[in-house]
Amino acid sequence: MVRLEQVSLRYGDGPFVLRNLSFSLDPGSFHYVTGASGAGKTSLLRLITLAQRPSAGRVAVLGRDSASLNRHARAETRRRIGMVFQEFRLLDHQSVLDNVMLPMKLIGHTGPQVEHHVRELLSWVGLGDALEALPPTLSGGQQQRVAIARAVISRPNLLLADEPTGNVDDRIAARLLYLFEELNRLGTTVLIATHNEHLIEQFKHPVIRLGEAPGRRAPAPAPPAADRPEGRREA
Amino acid sequence: MLFARPDIPLDQDASVRFMPWLIAFMVFLATLALTSLLVVESLVERWDRGLRAELTVQIPPPDGAAPPDVLQGLRQQRLDKVLNVLAATPGVLEAQELSQEAVGQLVEPWLGSNRAEVQAFLPNLLAVRIDPAETLDLPALQLALDRAVGGTQVDDHKRWLGALIRLARSVELGALVVLGLVAMAGAATVIFVTGASLAIHHPVIELLHLMGAEDRYIARQFQDHALRFSLRGGILGFAAAVGVIAIFAYLGEQVESAVIPRIELGMFDWAIVASVLLATCLLAMVTARCTVTRTLGTLQ
């Protein structure tokens, strides 16, 4: 599903954000990626969403080498990835309903049936009475739930989430994790970037830990055996 | 789709708020330029048709003083001679004498309305209809008529009408240049505004790309936006231009003159004029789409 081989990343002439990172995620797996702030979690997700090219190494997503993708193939691959951004990145001029409908529009699925499905999902995440609201009128937690609903609505093959529970209380966080696990059971590969150790403890899944030394973002030592996914990642 | 809320909030840009007004002004100019081109073209066509199909033959009055009835007889003899020559000339379909009354009216602006005094000096005029398909040998006809009645002149109107036609063609060329300049200015404005919008909405465009939007999906949003503002401005400018044309047409009808062209547009002409609106929308859409596609193509 996702494979990184000896991947390094630096922005311009700056220090390395990631160095010699290698791991792979099997289809249908569920992983956390964790590390301190600045460890390169967001950069790693950008590499996997094909928003960033590695400075060295090879990134393959959904079975396709990122270096060989043309614009059309890259767009096609991205439509199979759901992404929850740390800063939500909602369309402020569009209603909650329209924001969540957007991925369906991009894959060419619209109509009353799809809209019904979107309404159902928004009700499930507790936003059933805010369908026509504009994102700037919502709280941070509500916006985060809109962002999550938008990422999962199209049942992507791969779901990437950058601190998806950073702005919600524990009850909502647990509910969202259940949603991610439910999607995972339906076949979606999930990778969540978080530094919420409590969440990692509560919902047990393999963890990829990124190193923290500034300028030397190398993978951290291997995680405890309980957290380590069987022999396919070096983190 | 056209009136659905777009993913990119292009309508909120300050830089595009003036676009409908600018487009309105350009469509106004283009419509007037195209209408004047059509009117002048129809005028030239009329003149040209006249040139090819008509001649005027001028028979000078007989010399010397004589009683009116004698003069009248002489005039008739000269007229008959000329008519005989014309009848024997291949390509001449018909020759009709203008009445002295009509000739008097033609020279009235210069010689006054007292026709009795000037009657003796007025030439006989013949309107000659010729077959446009035949090639008439004008120098030979002139020679034959001069032999029949000395001083008779053939006027094919080319001398003064030709200058008018050249002037009209210049006006047409000017109208075409105006149309071209308006189209270029319109396209340049759309390119500038689209480029500014691309920069302003870069974060949203990047988000759409990250979600898997193809360049053509994003380009279509700009294209639809260009259609909306060009349609709004185009209708406004076109309506204003039609109003001005109607006023000119009305004023033209109040003036009895063969020289001032009348604004008479047929259905086909109106269809051509209305195509300015269509062409403006198409130009704006295509320009916006090409600008976006080209710019996005340079991004990673």
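**View 1. Helix α3(A) passes helix α5(A) in a right-handed crossing.** The model shown here and in the views that follow is predicted. Helix α3 of chain A comprises residues 96–106 and helix α5 of chain A residues 140–152; their axes come within 7 Å and cross at roughly 30°. Because angles under 35 degrees count as roughly parallel, α3(A) is described as roughly parallel to α5(A).

**View 2. Residues at the contact of α3(A) with α5(A).** Helix α3(A) contributes A:Val96, A:Asn99, A:Val100, A:Leu102 and A:Pro103. From α5(A), the contact draws on A:Val146, A:Ala149 and A:Arg150. By class, the residues of this contact comprise 6 nonpolar, 1 polar and 1 charged.

**View 3. An open sheet of 4 strands in chain B.** The strand order is β2-β3-β1-β4, and the pairing is antiparallel. Strands β2 (92–97) and β4 (153–155) of chain B stand at the edges; each has a single partner strand, so one side of each is left without a neighbour in the sheet. From one strand to the next, the twist averages 25°.

**View 4. Pairing of strands β1 and β4 in chain B.** Strand β1 of chain B, residues 54–59, pairs with β4(B) in the antiparallel sense over 3 bridges. B:Thr56 has B:Asp155 of β4(B) as its bridge partner.

**View 5. The two domains into which chain B is divided.** Domain 1 of chain B consists of the segments 10–49 and 169–298, while domain 2 covers 61–151. Taken over C-alpha atoms, the centres of domain 1 of chain B and domain 2 of chain B are separated by 54 Å.

Note on methods
Residues are numbered from 1 along each chain as its sequence is written. Chains are lettered from A and ligands numbered from 1 in the order in which they are written. This is a predicted model: local features need pLDDT of at least 70, side-chain atom pairs count only at pLDDT 80 or more; totals for chains, interfaces and linings use all residues. Domain bounds come from an automatic or database domain assignment. Two strands pair if DSSP finds at least two bridges between them. Helices (H or I, at least four residues) and strands (E, at least two) are DSSP runs, numbered from the N terminus. Axes are lines fitted to C-alpha atoms, for helices over the stretch in contact, and angles run from 0 to 180 degrees between N-to-C directions. Angles under 35 degrees count as roughly parallel, over 145 as roughly antiparallel, 65 to 115 as roughly perpendicular and the rest as oblique. A crossing is left-handed if the near helix is turned anticlockwise from the far one by less than a right angle, and right-handed if clockwise. Two residues are in contact if their C-beta atoms, placed from the backbone, lie within 7 Å. Ala, Val, Leu, Ile, Met, Phe, Trp, Tyr, Cys and Pro count as nonpolar, Asp, Glu, Lys and Arg as charged, and the others, Gly among them, as polar.
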